[in-house]
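Here are some notes for a colleague who is opening this structure for the first time.

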Amino acid sequence: MRIGAIEAGGTKFVCGIGNENGTIEDRISFPTERPERVMEQVVAYFKDKGAEAIGIGTFGPIDIDPASATYGCVTTTPKPGWSGFPFLDTLKRAFPVPFGWDTDVNAAAYGEAVWGAAKGVDSCVYFTIGTGIGVGVYSEGKLVHGLVHPEGGHILPRRHPEDRYEGHCPYHGDCLEGMAAGPAIERRWGVKGSELAPDHPAWAIEAYYLGQAVTSTVLLLSPKRVIMGGGVMHQKQLLPLIRAEVSRNLNGYVSAAPLLAGIDDYIVSPGLGDNAGLCGALALGLAALEQSRG
Ligand code: ADP
Ligand code: ZN
């Protein structure tokens with residue numbers, strides 16, 4: 001079986017071909033320029049690939065309501081040309097196959113549930129901590145949609161008592177993304193996160209914010225696994241610090257073994273590593289194919 005996958009990021013697009021086992025057999029990537037140029041490259045890539053279905057996990061916010069006139073578009077983005085561009089329709093016209101369409105983080109949560117760190121459980125939450133913060137939610141065997149889709153990167157954390165950084169989210173200032181995404185670390189300390197030593201105070205502050213986000217997620221959604229991905233999580237000391245913050249915040253209140261002795265297996269890195277996004281798109285494509293076959 002040959003399934004197409006598109007991981008549409010704000011800075012780069014990744015296209016690939018994979019199979020029903022989650023193996024990516026081929027891939028390319030190119031910068032996220034204007035949509036017309038990007039679509040040309042996507043169409044050229046898939047032209048002779050024989051994909052039976054294509055899954056798209058994209059940066060957002062996006063319209064996921066099939067009854068809406070702007071279904072299949074990115075809705076509000078400062079990226080030139082992308083707001084309202086018929087992303088999904090352009091590809092549907094080029095390739096008459098079933099399409100899966102969701103946010104990049106919902107796709108990653110789904111890929112992790114099918115092949116990765118949440119395999120065998122029917123719920124998980126996927127965080128990406130990168131240029132922005134995104135949260136994908138898979139619950140009772142389904143990706144969560146609602147009014148739109150979860151936007152957990154913009155929840156409002158309690159400020160760290162020693163943190164004077166004002167936060168850079170253009171909508172909310174000091175929301176989670178404004179305080180804890182990669183650019184927040186860089187602006188707060190004046191150097192990129194990748195240049196800060198593992199014992200730098202930056203990481204305790206970072207874990208303070210991410211720990212609150214995970215705590216709120218556990219309390220609100222009760223996921224059976226929490227997966228932390230994205231560039232910032234390449235800092236290996238962060239995951240144990242986040243686990244410690246979550247334990248401290250919950251303070252034994254939620255009585256579930258994974259949150260107590262088992263927290264190292266509960267808050268984890270992506271099982272699919274940096275392939276979580278592309279494999280997630282692949283899983284969306286596979287699901288679309290299965291759905292089309294009834
Ligand atoms: P994107 O979110 O753009 O898709 P990434 O997930 O790679 O891409 O996130 C990029 C962000 O992660 C940047 O802000 C970068 O500074 C930060 N980052 C990347 N690698 C590291 C690292 N090893 N340590 C800390 N921060 C990192
Ligand atoms: Zn925000």
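Which element gives the most to the lining of the second largest pocket?

1. The answer is α8, which contributes five residues to that lining. Please bear in mind throughout that this is a predicted model. Besides α8 (276-292), the strands β5 (99-103) and β8 (142-143) each supply at least two residues of the lining.

2. The second largest pocket holds about 440 Å³ of space, and 18 residues line it, with Trp 101, Asp 102, His 145, Leu 284 and Gln 291 lying nearest its centre.

3. Turning to helix α6 (residues 202-221), its length agrees with expectation, because 20 residues at 1.5 Å a residue should span 28 Å and the end C-alpha atoms are 28 Å apart. The helix is followed by Ser 222, whose phi is positive, near 50°.

4. Is α6 largely enclosed by the rest of the structure or largely open? Of its 20 residues, 15 are buried, so α6 is largely enclosed by the rest of the structure.

5. Thr 215 has its place in helix α6 and is buried, because its relative accessible area of 7% falls under the 20% cut-off. Leaving aside residues up to four places away in sequence, Thr 215 touches Val 246, Asn 249 and Leu 250.

Technical notes:
Residues numbered from 1 in each chain as written. Chains lettered and ligands numbered in written order. Predicted model: local features only at pLDDT ≥ 70, side-chain atom pairs only at ≥ 80, totals over all residues. Heavy atoms only, no water. 1 Å grid on protein atoms, 1.4 Å probe; cavity = no way out; pocket = protein on both sides within 12 Å on 5 of 7 lines; lining within 4 Å. Points joined across faces, edges and corners; volume = space filled by probe spheres on them. Helix = DSSP H or I, 4+ residues; strand = E, 2+ residues; numbered from the N terminus. Expected span 1.5 Å × (residues − 1). Buried < 20%, exposed > 50% of the residue type's maximum accessible area, 1.4 Å probe, protein only. Contact = heavy atoms within 4.5 Å.
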